Amino acid sequence: MFAQNETKPPPDMKTIDPQWAWSPYQPDTRRPWNLARAGHLYRRAAFGADWNQLQRTLDEGPRRTIERLLAPQADVAAFNQQFDRYETSSAASNSTDALRPWWLMRMMQSPHPLLEKMTLFWHGHFALSGAKVKNTRLMSRYVQQLRGEALGRFDSMLTALSHDPAVLLDRDAGANRKSKPCEHAPRELMAGTCLGNGNFSEKDIQEAARAFTGWFVLKGQVRFIPREYDSDAKQILGERGNFNDTDVVRLLLKQPATPRLLVRKLYRLLISETDEPSDAIVEPLAQSFAAEYDIAALVGLMLRSNLFFSPVAYRRRIKSPVEFTLGIVKGLEATVPAVRLGRDLADLGQNLYEPPTSAGWPGGRHWINPATSLARANLAFALLSPKKPYEGKLDPMAVAQKHGHQTGEAAERFLLDLFLQGDVETTVREAVLKHKRSEPSQELRRTAHIIVSLPEFQLA
Amino acid sequence: MSPTRREFLKTSVGTAALASLATCPSSLTAAVGARRDSGDKVLVIVELAGGNDGLNSIIPFEDDIYGRSRTTLRLTRKEVLKINDQLGFHPALKGFRRIFDEGHLSVLQGVGYPKPNGGHDGAVMDWHSAQPHQTNRQTGWVGRVIDSREQLDSDFAPAVVVGQINRPFCLNAERTIVPSINSSRDFVLRSAGNTESLSDHHRRLVESAEPPRTESDNPLLDIVRKNQLSAYSTSRRIDEVIQKIPAMEGHYPQSLLAGKLHTISQLIRAETGIKVFFTGFGGGGIGGFDNHANQRDNHAALLRQLSESVAAFVDDLKRQKLLDRVVLMTFSEFGRTLKENGRKGTGHGSAAPMFLAGGKLKGGLVGEHPSLTELENGGPKHHTDFRRVYATVLDNWLGFDSRPVLGDGFAPLDVFET
């Protein structure tokens, strides 16, 4: 069994024992609690760590750190209310361009980065296009809805989102008449959000569409107009009744395909993008998730697991553009101008509020082609430049000195530890460190650029 | 690294050309630098945003209905650049006329689609998605083409948007990220300079990506590394082209569109493997093609910019012996109404001509000029569906099967030399 071999992932994922996989990881001499595992945890459960966070995590161990990442001590609610107000003041604009910087600032500053990370995940799952919705206030509220349940309950999120005005407008369901039921919205719900293709029929969609009739978006408000509701009997997913919209949500949550789809998607976010997990690995989590649809419990279980801290998961995910840039920003303990950052992220393929299609961002290896690889290196260069366009907000030398590294080479080694926990092969380390050292502060910016441009840093 | 190469690097820094060489060790070129097949085809799409007046682009100067309907905007037999005894180019289309005579321009007449949308947003979506009147349109026609490629990362980028503020929907893809640039410099690895310390930085960047990760069997690490090395080598080629050819060489006029086409020419020359370029000009606002009032001078200026820029692009590619690999295609969301609107302008119409420019075209007029008695939305009715033109450039030029992208029933037009 894989549990015994800890240097590489097993050649066949089927040999992984689910019981072992999902049991909490306990550090031991073979699998010690170290900087590499601390860095891994912060890449997945946050947007990367600064040096003090890594040190504290080393002291506290995985269990307490994960508790803290799931539910920090800080007043998260107050922080988010403040940002909700900032967003409201921008919502008069008719473009999501006004919202994007606020979300990025939230990600950079939030005392609860995992919440933002999960909100972004759900934004890809319930993917809407701001350009189609054409209402900044509704787009802002939709993401706030996602944030409200991002680590809450999936059943509540599904209920809220199936009546969210932005969702309805995006899915051509702004006027859902009895005579012309909208099939787009139930199709998205079944194919993308809950069941996945192959787990429903065209008939299920047509019947569910009838159950959703009567709902309208009027002046940005959702209204139910009883005379437009089709109250006749429907046959949906093998059951018959005078179903309405809430019944459809209930039926979807009852299907075993729903928790399976979500567990697999979260597996890609938190464990690995390289291998599809076996049914045996997915099933125990799907079953426990279906009982309460408690997202934090599922995420916590995955983060605490043996599998999470094993080579199956380590660097087995390609950072999204947001994760890539925030990893640099977080490590260097600053924030950077967010309007510009939002535009640059769009060029890397991740335009917040504008996922490419209703399937969200495909992610993984689709983030990477030569042009986006070049764009990542150039964005990192801009972020680390002492001048425009990011105004030199990131200062690797100041951070290295703060943590006790004065000379050139010591500071460079510190950056390798900070960004990659020193985990690069000798040849790579030599290529990074071997150069003439002249003006120290300029040099360190360049070294930082080289480190964050390494293939290893593109992985989460 | 061998001592001789290290010596070479040491002595080579300081001059720009050699510094850019130093960024790409020979082993790297061998690994990823296989040059493109010179037969690789390129499509350049130019959007004339706002609705170009087809009737004042290719002018039926002998048709009385035309003359009667356009009391202030009509162009007479004496003014037009005659193609035959019925039709002529707008007088501002001198460049078009010249490349038409050289056989490098095909004019596809009467292009549109059934039940044309009369509003900008709807019509733009119809042309960009190539799925007119459908709801729930998620991807553009070029986006679907590039998503259908088997090898997702074999090229630097399959398509690129040049100099556009907003991302055109036709490149929206489910899986493929399409970069958007303002100049070729955006595709050059930053830090490339000619001072010693900067090129040293550049060298470290490449050399730290280069070593194969021996201890790892992580497929993601290999994918990232391979794409980075390919990016750095393409960046070097683009840099070389920029260094070799000073700005706007090739006698491009000073215009926004000419600048964009010049950028595209540089990227074609650098053998980037980019198959589709998208750019555009005009727009719905002031200075765009949407001329509801006082159309004459504004429209003439736009056509002049279009024709001079495209002609300069054709000349440039011809000189570089690249013209046989390139087709440029214009489109606009609709033509304009036959009748003037009383404000010396025109309203939103329907069918209009599309222009194709390139080295492998048969050239000439393709299809009849549409009738001025059978109108739709107040403009000429189409006889050729625009999806047949898309099918033409997909099936007979880029070599992609158009059916999964456009559906069945759009036969390609016979416009290419065999």
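Predicted model: local features only at pLDDT ≥ 70, side-chain atom pairs only at ≥ 80, totals over all residues.
**Chain A as a whole**

I began with the overall build of chain A, whose secondary structure comes to 23 helices and four strands. The radius of gyration of chain A is 23 Å, close to the 23 Å that the globule rule gives for 460 residues, so I noted chain A as being as compact as a globular protein of that length. Along the principal axes, the C-alpha atoms of chain A fill a box of roughly 80 × 55 × 40 Å. I also looked up burial, and found that buried residues make up 51% of the 460 residues in chain A. Turning to contacts in chain A between residues at least 6 apart in sequence, I found that 72% of them join residues at least 24 apart.

**Helices H14 and H15 of chain A**

Next I looked at how helix H14 (residues 257-270) of chain A packs on helix H15 (residues 279-292) of chain A, and found an angle of about 120° with the axes 8 Å apart. An angle of that value makes H14(A) oblique to H15(A), and the crossing of the two helices is right-handed. From H14(A), the residues that meet H15(A) are A:Pro259, A:Arg260, A:Leu262, A:Val263 and A:Arg264, and their partners in H15(A) are A:Val282, A:Leu285, A:Ala286, A:Phe289 and A:Ala290. Sorted by class, this contact has eight nonpolar and two charged residues, with no polar ones.

**Helices H6 and H8 of chain A**

I then turned to helix H6 (residues 113-125) and helix H8 (residues 136-149) of chain A, which pack at an angle of about 120° with their axes 9 Å apart. H6(A) and H8(A) are therefore oblique to each other, and their crossing is right-handed. On the H6(A) side I listed A:Leu115, A:Thr119, A:Trp122 and A:His123, and on the H8(A) side A:Val143, A:Leu146 and A:Arg147. By class, the contact of H6(A) with H8(A) has four nonpolar, two polar and one charged residues.

**Where chain A touches chain B**

For the contact between the chains, I found 44 residues from chain A and 44 residues from chain B. On the side of chain A that touches chain B, the elements that give two or more residues are helix H19 (370-384), helix H22 (426-433) and helix H23 (440-453) of chain A. H19(A) gives the most to that side, with nine residues. The residues on this side of chain A divide into 18 nonpolar, 15 polar and 11 charged.

**Two prolines of chain A**

I looked up A:Pro62, which is found in helix H3 (residues 51-70) of chain A, and recorded this proline as buried because 20 other C-beta atoms lie within 10 Å. Leaving aside residues up to four places away in sequence, A:Pro62 touches A:Tyr25, A:Trp33, A:Leu41 and A:Arg304. A:Leu303 is 241 residues from A:Pro62 in sequence, yet the two are 9.1 Å apart in space, C-alpha to C-alpha.

The other proline I checked is A:Pro389, placed in the loop between H19 and helix H20 (396-402) of chain A, where the peptide bond from A:Lys388 to A:Pro389 is cis, with omega near -5°.

**Positive phi in chain B**

Finally, I noted B:Lys115, which has a positive phi of about 45° although it is not a glycine. B:Lys115 is found in the loop between strand S5 (105-112) and helix H6 (120-129) of chain B, and counts as exposed, with 12 C-beta neighbours inside 10 Å. B:Asn294, not a glycine either, has a positive phi of about 45° and lies in the loop between strand S8 (276-282) and helix H11 (295-319) of chain B. I recorded B:Asn294 as partly exposed, with 13 C-beta neighbours inside 10 Å.

Definitions and conventions
Residues numbered from 1 in each chain as written. Chains lettered and ligands numbered in written order. Axes fitted to C-alpha atoms, helices over the stretch in contact; angles between N-to-C directions. Parallel < 35°, antiparallel > 145°, perpendicular 65-115°, else oblique. Left-handed = near helix turned anticlockwise from the far one by under 90°. Contact = placed C-beta atoms within 7 Å. Nonpolar A, V, L, I, M, F, W, Y, C, P; charged D, E, K, R; others polar. Rg over C-alpha atoms; globule rule 2.2 N^0.38 Å.
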